[in-house]
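Trainee: I have a new structure open and would like to learn how to read it. Could you guide me through some of its features?

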Amino acid sequence: MTNAPLALPEDTGRKTRVLTLTNGSAGSGKSTFAAAVAHAAATHKKKVCVIGMDRQRDVSRLLGYDDPDGDEELPTLFDVVDGVCSLAEAVVPARHSRTGEPIAGLSLVLESSKLDRLDFKLAEQTARELWLFKLLPELRGRFDAILLDCPGDLKIGTVGAIIAGDEIVGCTKSQEKEARGLTELESKIAELHADYQFMGMRNALDWVVIGEGVTSDSQGKVYRDIEKQIREAYGTLVVDPTVRNDVKVPEAYSASLPVTLYSPKSDAAVAYTRIGRQMKLYR
Ligand SMILES: Nc1ncnc2c1ncn2[C@@H]1O[C@H](COP(=O)(O)OP(=O)(O)OP(=O)(O)O)[C@@H](O)[C@H]1O
Ligand SMILES: [Mg+2]
């Protein structure tokens, strides 16, 4: 297994913020956020690591690895759980999908389609819900921020990330399905908190990010109303700019690049850069 030494910064004892990006519902903008905000933080000279946790491998693709399963040399998160390598050994540099150049300050742990067997794999472990909590100390002190890009469900992968993270970011769209996903997420947090509060686990969402909001009433009043309801329900937890519907996001997906790199001046890139700043990931 290979990894570039530069991908794993030295342990300087810095405070590492671990952000869990999640929602009980799929397609809520988590991977778009992970790639864009991590890239924005790296361009602001921060050291950032994205841990991809989804068998669909979207964030791995956005950060330069089209098919981690296709290259036996590449370590993945599944290999870590499987005991093939340590989490620190699985950190690779993010890279530009077109040029292959590493992106300074930005690292990631790759996903594998094998992650659909995570439940099964963890069944053998004791305290299985703590699987990620037990691994993260290997990376703390090395990065300013670690972003956990969860799959769109509340299974063991996500549960582990909710317990392991320092801050929980509820990603949603101004649509009924994703808004309901946030409510399900809150119930899950409360349930886990009952068991894990002794470890200092928080009992609430820390941030709510709204993505793919409509740009005008003509696109659908119902979406505007749902956005309003989310802002009323979650108040100051909601970061300020809603990321509006922007064709540059799917275009960036097709180009396998973070939207902030693909089109830095696009509305979505500007909004994600502001969101990262509001979350105090950089100035
Ligand atoms: N602001 C936006 N404008 C237009 N399309 C968007 C926007 N944000 C996200 N999308 C699209 O919505 C889809 C889902 O986004 P994304 O993959 O980030 O969500 P996810 O929560 O990671 O999904 P999953 O649960 O499948 O992992 C993608 O096709 C993406 O291109
Ligand atoms: Mg995703």
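This is a predicted model: local features need pLDDT of at least 70, side-chain atom pairs count only at pLDDT 80 or more; totals for chains, interfaces and linings use all residues.

Trainee: Is Lys188 buried or exposed?

Mentor: Lys188 is buried, because its relative accessible area is 17% and buried means under 20%.

Trainee: Which residue does Asp206 meet in a salt bridge?

Mentor: Asp206 meets Arg202, at 2.5 Å from N to O. Here Asp206 is buried, with a relative accessible area of 14%, whereas Arg202 is partly exposed at 40%. Elsewhere, Asp58, Arg61 and Asp66 are joined into one network by salt bridges that share partners.

Trainee: Now to helix packing. How are two packed helices described?

Mentor: The general idea is to give the angle between their axes and the distance between the axes. In this structure, take helix α6 (residues 156-164) and helix α7 (residues 176-196): their axes come within 11 Å and cross at roughly 65°. The crossing of α6 and α7 is right-handed.

Trainee: Which residues make that contact?

Mentor: From α6 come Val159, Ile162 and Ile163, and from α7 come Leu185, Lys188, Ile189, Leu192 and Tyr196. Sorted by class, the contact of α6 with α7 has 7 nonpolar residues, no polar ones and 1 charged.

Trainee: What span should the 14 residues of α1 have?

Mentor: At 1.5 Å a residue, α1 should span 20 Å, and its end C-alpha atoms are 20 Å apart, which agrees. Burial is another thing to read for a helix: 13 of the 14 residues of α1 are buried, so α1 is largely enclosed by the rest of the structure. Just after α1, Lys45 takes a positive phi of about 70°.

Trainee: And how many residues does helix α11 have?

Mentor: Helix α11 has 12 residues (267-278) and reaches 16 Å from its first C-alpha to its last, close to the 16 Å expected. Its buried residues include Ala268, Tyr272 and Ile275. Among the elements covering the buried residues of α11 are α1, β7, α9 and α10. Lys280 follows α11 and has a positive phi, near 60°.

Trainee: Where is Val270 placed?

Mentor: Val270 is in helix α11, and it is partly exposed, with a relative accessible area of 41%. Leaving aside neighbours within four places in sequence, Val270 is in contact with Pro264 and Lys265. The C-alpha atoms of Val270 and Ala36 are separated by 9.9 Å, although these residues are 234 apart along the chain.

Methods:
Residues are numbered from 1 along each chain as its sequence is written. Chains are lettered from A and ligands numbered from 1 in the order in which they are written. Side-chain values use heavy atoms; hydrogens and water are left out. Helices (H or I, at least four residues) and strands (E, at least two) are DSSP runs, numbered from the N terminus. The expected span of a helix is 1.5 Å times one less than its number of residues. Buried means under 20% relative accessible area, exposed over 50%, partly exposed in between (1.4 Å probe, protein chains only). Contact means heavy atoms within 4.5 Å. Axes are lines fitted to C-alpha atoms, for helices over the stretch in contact, and angles run from 0 to 180 degrees between N-to-C directions. A crossing is left-handed if the near helix is turned anticlockwise from the far one by less than a right angle, and right-handed if clockwise. Ala, Val, Leu, Ile, Met, Phe, Trp, Tyr, Cys and Pro count as nonpolar, Asp, Glu, Lys and Arg as charged, and the others, Gly among them, as polar. A salt bridge is a side-chain nitrogen of Lys or Arg within 4 Å of a carboxyl oxygen of Asp or Glu.
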